[in-house]
Amino acid sequence: MDIDTKLVSHAKDYIDDLAKGINPITKEAVDENDAINNVKITRCLFYVSDILEQVINCGVKAPKKPKQEAFDLQKLDLTNFKYSSTPITVSVITRSINELKPENMKKLKVTAITNWLVDINMLSVVQINGKNHKRPTANAESIGLTCELRDGQYGQYYAVLYSETAQRFIIDNLPSIIDGGYNERQKAT
């Protein structure tokens, strides 16, 4: 059986509008008391829409993503790294580094930096309420790593912040982090 995917796509658009409480012909919202606004009917319409999407995509395979190359410092222009005069988190540092990489290259992981810092005694792992947390050591404080109490989605937490000096320390030592295999390791506990 041949399926006209354009016709199915058009039908899906109508179903989507109905599921959202919109008249598919006039594009106006239907009355609140209209049966189409019943929760059970709306769920059913969304379900049918998903099935129609599968019918439309039947037999069409998503294009494969090209294989990602390993993270390679040689392909980064770290002279374009923008240092922050305000202390920032390691996530921000990592994101800024990753913005300098080619699209087909794997990202630098936050854990590559933090695990390396643990190994060189700049961060220590402390247990609080049964969970591991990283905190700056006295060595790290000398290059500008600090802790700041913040309010988050799940309550208060301590963020480790990196001064401009600490950011430069990370960038200067990226070869040690990459050559040491830290970007290829799994998360340490």
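Helices (H or I, at least four residues) and strands (E, at least two) are DSSP runs, numbered from the N terminus. To compare two helices, axes are fitted as lines to C-alpha atoms over the stretch in contact, and angles between N-to-C directions run from 0 to 180 degrees. The model here is a predicted one, in which local features need pLDDT of at least 70 and side-chain atom pairs count only at pLDDT 80 or more, while totals for chains, interfaces and linings use all residues. Residues are numbered from 1 along each chain as its sequence is written, and side-chain values use heavy atoms, with hydrogens and water left out.

Let's start with helix α1 (residues 5-19) and helix α2 (residues 39-57), whose axes lie 9 Å apart at an angle of about 160 degrees. The two are therefore roughly antiparallel to each other (under 35 degrees counts as roughly parallel, over 145 as roughly antiparallel, 65 to 115 as roughly perpendicular and the rest as oblique). Their crossing is left-handed, that is, the near helix is turned anticlockwise from the far one by less than a right angle, whereas clockwise would be right-handed.

Contact means heavy atoms within 4.5 Å. Among the residues that meet are V8, I15 and L18 in α1 and L45, F46 and L52 in α2. The contact divides into 11 nonpolar, four polar and three charged residues (Ala, Val, Leu, Ile, Met, Phe, Trp, Tyr, Cys and Pro count as nonpolar, Asp, Glu, Lys and Arg as charged, and the others, Gly among them, as polar).

## Helices α3 and α4

Now for the next pair. Helix α3 (residues 90-98) and helix α4 (residues 110-119) pack with their axes 9 Å apart, at an angle of about 125 degrees. That is why α3 and α4 are oblique to each other. The crossing of α3 and α4 is right-handed. From α3, V90, S91 and T94 make the contact, together with V110, I113 and T114 of α4. These residues are three nonpolar, three polar and no charged.

## The largest pocket

A pocket is found on a 1 Å grid over the protein atoms alone, as an open set of points where a 1.4 Å probe fits, with protein on both sides within 12 Å along at least five of seven lines; lining residues have an atom within 4 Å of a point. The largest pocket holds about 590 Å³ of space. Of its 20 lining residues, V90, V110, T114, K134 and V160 are the closest to its centre. β4 gives the most to the lining, with five residues. The lining divides into 10 nonpolar, six polar and four charged residues.

Conventions: Points joined across faces, edges and corners; volume = space filled by probe spheres on them.
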